[in-house]
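Visitor: I have a model to look over with you. Please take me through its contacts and rings.

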Amino acid sequence: MKNVSTRRYVYLVLNFVILLLLGIAYAWSIFVGPLENAYGWTRMQTSLAFTILMVGFSGGSLLAGILAKKIGFSKISMIASLLVGGGLVATAFTSSISVLYVTYGVLAGLGIGMIYNTIVSVIPLWFPDKKGMVTGLLLMGYALSTSILSPICQWLLVSFGPKTTFLTFGILDFVVFLLGSFFMKEPNTAELVELPEIQTTIADQEMKNYTTSEMLHSVKFYVYFLGANFLVMSALGYLNHVAPALQSEMGMSAVTAAYVVSAMSLCNGVARPLAGRMFDKFSIRFVLRVICLIYAVSASLAVFALNSHATWLLVVASCLLLFGYGFQGASLPCVIRRFYGNEYFSMNYSIVSLVSLTASFCPSFVGKMQVLSGSYSLGFAVMAVCCVASIPLMFIAGIEK
């Protein structure tokens, strides 16, 4: 028992580090200015790169769900390490926005989605006594990536430029992700018996496992998907545009804006284990209501701050909204496990993760509104409306019986 118990924590720490590196995608707003200056790209073009990345992420998550039963999670991770590492390295050597859409958006995006789905599907199974908490801890690594890596990215961009920055992370990600793929395995029957506190998870044993087809025939799925989509739309919009908005409309320096993005990432990360812990202790209805409240309040404050040019309030509102996004990020896999079981989780989760695909058009929309109007006011107002619209949907979805 000691060996299995120790090993599962090794898996947890290793995959926390992998997700920490994987979350570099969320630091895209740090790359926007340097890339536009270096290659003459427009804000609409750079916003589309992030949108394509999120489309790739959703496609990668779906692909992992399809391949899980066919080739196993270890091989999926190996393929993904090649996609992410190769995509970022190729991005380093291009000055074409169209090529960047393929290398950064499609290739790296696919790899990130595949690894993300794999980790969330596999590692919580080693902790049947606290799946929510472990899910939150893992996803905290993904969220904290921007907080930890943004200053490093900013230093590399200023000192060496985009090429060296992409090349550095491409090589680092490939090595670490490939190493992690050799440890990506589900617990077998003998290991499950040895896991501590397995006898306390009677609820898991009695839980019905829904196939993807059965899930897609559930009205609750569509209600939850739509509500989650509205929330993720807003979060992705802020992730992509808060730093540019602070610089262009509040007069903040690029370095200071990078630290704000880091603070947002920190809030995003801290919220995730808290959300996971809440799912282990409280009802889905309660947690989803907390999420909606955080989103609605923070988005409304952001609109007010932007229009009144209150820089400090916009920073606070953005950090609060990313705190809500952290809750949302950790809640999504927990909700799917609670509603639809563990056996088909990877595929079911990949379907629900398509919220990243449907919501990924928000950053481009906000960027377009900024180009047309010369201000972020309209785009931020639309995101606030989306947050408010999610409230009744999430309230309905939270009814477990």
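This is a predicted model: local features need pLDDT of at least 70, side-chain atom pairs count only at pLDDT 80 or more; totals for chains, interfaces and linings use all residues.

Visitor: At what angle do helix 11 and helix 12 pack?
Guide: Helices are DSSP runs (H or I, at least four residues), numbered from the N terminus. Helix 11 spans residues 219-250 and helix 12 spans residues 254-281. Axes are lines fitted to C-alpha atoms over the stretch in contact, and angles run from 0 to 180 degrees between N-to-C directions. The axes lie 9 Å apart, and the packing angle is about 145°.

Visitor: Which residues of helix 12 meet helix 11?
Guide: Contact means heavy atoms within 4.5 Å. Helix 11 brings Tyr238, Val242, Ala243, Leu246 and Gln247. Their partners in helix 12 are Ala254, Ala257, Val260, Val261 and Met264.

Visitor: How many residues of that contact of helix 11 with helix 12 are nonpolar?
Guide: Ala, Val, Leu, Ile, Met, Phe, Trp, Tyr, Cys and Pro count as nonpolar, Asp, Glu, Lys and Arg as charged, and the others, Gly among them, as polar. The contact has no charged residue and one polar. The nonpolar count is nine.

Visitor: How many aromatic pairs does the whole structure hold?
Guide: Rings of Phe, Tyr and Trp (its six-membered ring) pair if their centres lie within 6.5 Å; planes under 30 degrees apart are stacked, over 60 edge-to-face, the rest tilted. A search of the whole structure gives 17.

Visitor: Why does the pair of tyrosine 116 and tyrosine 142 tie together separate parts of the sequence?
Guide: The pair is edge-to-face, at 4.9 Å centre to centre and 65° between the planes. Tyrosine 116 belongs to helix 5 (residues 97-122) and tyrosine 142 to helix 6 (residues 131-159), so the pair joins parts whose separation in sequence is 26 residues.

Visitor: Are tyrosine 116 and tyrosine 142 buried or exposed?
Guide: Buried means under 20% relative accessible area, exposed over 50%, partly exposed in between (1.4 Å probe, protein chains only). By that rule, both tyrosine 116 and tyrosine 142 are buried.

Visitor: Which residues do ring pairs link into a cluster?
Guide: Tyr116 and Tyr142 belong to the cluster.

Visitor: Which charged end sits over the ring of phenylalanine 345?
Guide: A charge sits over a ring if NZ of Lys or CZ of Arg is within 6 Å of the ring centre and within 35 degrees of the ring normal. Lysine 220 meets this over phenylalanine 339, at 4.5 Å from the centre. Over phenylalanine 345, at 3.8 Å from the centre, it is arginine 337.

Visitor: What is phi of histidine 309?
Guide: Most residues other than glycine have a negative phi. Histidine 309 lies in the loop between helix 13 (284-308) and helix 14 (311-340). Histidine 309 is exposed, at 53% relative accessible area. Its phi is positive, near 55°.

Visitor: What is the relative accessibility of tryptophan 28?
Guide: Tryptophan 28 is in helix 2 (residues 28-39). Beyond neighbours within four places in sequence, its contacts include Phe50, Tyr104, Phe166 and Asn240. Tryptophan 28 counts as buried, at 0%.

Visitor: Which residues does leucine 149 touch beyond four places in sequence?
Guide: Leucine 149 lies in helix 6. Leucine 149 is buried, at 7% relative accessible area. The residues touched are Leu20, Leu21, Ile24 and Phe169.

Definitions and conventions
Residues are numbered from 1 along each chain as its sequence is written. Side-chain values use heavy atoms; hydrogens and water are left out. Helices (H or I, at least four residues) and strands (E, at least two) are DSSP runs, numbered from the N terminus.
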